[in-house]
Amino acid sequence: MIKISRAKLTDGRVVDIDIENKVITKLQTSTGKPTADAIDAGSKLLLPGLVDLHTHLREPGREDSETILTGSKAAVAGGFTAVSAMANTNPVADNAGVVEQIYRLGKEAGLIDVQPIGAVTQGLNGEKLSEMGAMADSIAKVRIFSDDGECVSDPLIMRRALEYVKIFNGIIAQHAQEPRLTVNAQMNEGIVSARIGLPGWPAVAEEAIIARDILLAEHVQSRLHICHLTTAGGVELIRWAKARGIQVTAEVTPHHLLLTDDLVENYDPIFKVNPPLRTQKDVMALREGLAEGVIDIVATDHAPHPAEDKDCEFHAGACGMLGLETALSIVVKTMVQSNLMSWADLVNRMSITPAKIAGYKSQGQDIAIGMPANLILIDQEKSWKVDKNLMKSKSKNTPFHGTELPAVVTDVFHEGEQVMKNGEILDKGTSQNE
Amino acid sequence: MISGHLLSAEDLTKESALGLLATAKELAAITDGPNKKLPTLRGKSIVNLFFEDSTRTRISFESAAKRLSADVINFSAKGSSVSKGESLKDTAQTLQAIGADAVVIRHSASGAAKRLADTHWIQAAVINAGDGTHEHPTQALLDAFTIKQHLRSSENDLTGVRILIVGDILHSRVARSNVILLTKLGATVTLVAPPTLLPVGVSNWPVEISYDFDKEIANCDVVMMLRIQLERMNDSFFPSAQEYSKRYGLNSSRLRKLSKSAIVMHPGPMNRGLEISAESADDLKSVIIDQVKNGVAIRMAVLYELLGGAPIGAQR
């Protein structure tokens, strides 16, 4: 049994709780004094574990940049108790064999829930549907399907995919990028790209696909999820679709809530990401959209890359940034400290709603008696300085190196077991690859 | 005097640019004599690192370096890291190991020169000889030099000179560097191009924009034609070479509309019959050959200032 005393909930209550057999068995108002044998939260915030619907764990195929074990550790360090492994591995997670492998490796690592996402099309080629039914029926019980990294650009394939996943109440997560409008694109198309001469990735290339897909989702009455929304126009489209009652959800990444395209000016590929960093106007629209709930969730798009893929000229650089370990702090900085959202809203956007969208039953639940004990403790008074060399991820490609960020995750509990204690990840002694 | 690197026309102040033009003029006067060589950079190693074919720019830098008595190493690395050959970093570290004092780099990726200068891969002075669709600052300097030579030889800067830059602005490093430098020197610049060949963010540039070449041609002192890359043809930037040539080419009828003192420029290599007719290229108004000649003097001035040559008076 684990006891936690003097934990502060987002509604202001300070409570003592007991955890036994993976669930919360006791919850009562704290006397104000630490209980014997308990982990003394000392007024730290107790939240349900964070849930990420967009994580690149790289295994199988690119174990030089991340493995399921190192990615799980990075997740724990960032306060996540569940992540969703994107399908663009090598081999691609487009069949039951690969998703089951990822699921098993996640279980073996044993730190968090690792739930695989299945590819929409075979080999992410955008041409033929993958066996989504087999993946749904596998032990991994896949419900989210995405060709992320590639857009399902063929409207007919997208229509069929949206229709087909209704069999098992699945959802298609679209990487919205019209490929013909983004040939060789390197950064946001605008004032900065005009000046520094990098081929542009226009906002319209994202918005055109979002507009098409929300209309398709309405037509076939299916669930659509838009990955990493980045533009003010995209927020407008989602707002419109929701007002019409279309079943669409959307995510925003922490980096798109903070960083802008002028950072690319020095051509450092650490700021190269797809979709690209946009303008301040877009950033403000994304923050408003998230606060309002038009954008349902924050997802990290955690994308580890080895050093050589960033230590090069911009064109040669790989797209993507680390996200798991900094996500919570970036959202606190951009949304909570700016008074756009409360801590309760943050829990909603980073835990409750993502779990609901994905159907992760033991995640994103209220902190109450009988509920699953996937929990985290956060010291919201403390800040920390991001150091790329101290990341739990196997890679170092964080754009926030050297930045002082608010809120420190100190303790993490997964299925009733403590997996992080005072910032130290508790080794489970797995034989798995680091 | 400039120091450090020359990566962008933005690195130049009006004063430092005019200083370079003056240095180039002096160096040109000396090397126009019977003995073309100065001992200034004896013992210095200059590497021409060319990831893209460019015979003209390379030999211009090479002859500039040789006239200053530097040792020149030509490193042509076709198939850049983008196509998974040796990486730019490894190449740079190789050049560092062999002791390059300056690296003149031409690369298909915008920002490649800046990356060389900003990273710790190499200590040498970096000169941007064209990076992707970004900049080509020595071209802008030699263009400014040529314009001054023909139109403002007795004055300090280019105040009042009206310049048309015509053609593929979107992909042109020559246009970007020229817009920055020529406006800094007081000239008025109008970009003439079809909208498909103008960057979306061009509204922020200190220039006028026009889609109508015929409307602009009579009111300029300089018309600078840009090369149309053949690969643009198949990418729907314009319907056909014929239509492009008709609307945006410098043909003989447009040539006749130019004012008496106006000059015709082109950074080369030309597509005769496409963006410029043979008649226009060879007309008395054409200063294209002067641009090539002045290119050597400008590059000498850049190398000279960056590598810290002794005062020019003490050369002989």
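Hi everyone, let's start with one residue: at 26% relative accessibility, A:Asp268 counts as partly exposed. Keep in mind as we go that this is a predicted model.

So who is the partner of A:Asp268? The side chain of A:Asp268 meets that of B:Arg115 in a salt bridge, with 3.8 Å from N to O. This pair crosses between chains: B:Arg115 sits in helix α4 of chain B, while A:Asp268 is in the loop between α8 (254–258) and α9 (280–292) of chain A. And is B:Arg115 buried or exposed? B:Arg115 counts as buried, because its relative accessibility is 6%, and the cut-off for buried is under 20%.

Now let's step back to the whole interface. How many salt bridges does the rule find across the interface of chain B and chain A? There are two. A:Asp311 is partly exposed at 24% relative accessibility, and B:Lys89 is partly exposed with a relative accessible area of 24%.

Next, the contact itself. Chain B brings 24 residues to it and chain A brings 20 residues. About 1,700 Å² is buried between the two chains, and carbon and sulfur atoms give 52% of that. On the chain B side, B:Ser110, B:Lys114 and our friend B:Arg115 lose the most area to chain A, together 29% of what that side buries.

What about polar contacts? The rule finds nine residue pairs across the interface, with both residues at pLDDT 80 or more. In chain B, α3 (88–97) and α4 (112–118) each supply at least two residues of the side that touches chain A. Helix α4(B) gives the most, with three residues. Sorted by class, that side of chain B has eight nonpolar, eight polar and eight charged residues.

Let's finish away from the interface. Over all chains, the structure holds 31 salt bridges. One of them pairs B:Arg173 with B:Glu52, their closest N and O atoms being 3.0 Å apart. These two come from distant parts of the chain, 121 residues apart: B:Arg173 is in helix α6 (residues 173–184), and B:Glu52 is in the loop between β1 (45–50) and α2 (55–67). Over in chain A, a network of salt bridges links A:Lys3, A:Asp18 and A:Lys26.

Methods. Residues are numbered from 1 along each chain as its sequence is written. Chains are lettered from A and ligands numbered from 1 in the order in which they are written. This is a predicted model: local features need pLDDT of at least 70, side-chain atom pairs count only at pLDDT 80 or more; totals for chains, interfaces and linings use all residues. Side-chain values use heavy atoms; hydrogens and water are left out. Contact means heavy atoms within 4.5 Å. Buried area is the accessible area (1.4 Å probe) that two parts lose on being put together, summed over both. A salt bridge is a side-chain nitrogen of Lys or Arg within 4 Å of a carboxyl oxygen of Asp or Glu. A polar contact is a pair of N or O atoms within 3.5 Å; within protein, one must be able to donate a hydrogen and the other to accept it, and residues adjacent in sequence count only if both atoms are side-chain atoms. Helices (H or I, at least four residues) and strands (E, at least two) are DSSP runs, numbered from the N terminus. Ala, Val, Leu, Ile, Met, Phe, Trp, Tyr, Cys and Pro count as nonpolar, Asp, Glu, Lys and Arg as charged, and the others, Gly among them, as polar. Buried means under 20% relative accessible area, exposed over 50%, partly exposed in between (1.4 Å probe, protein chains only).
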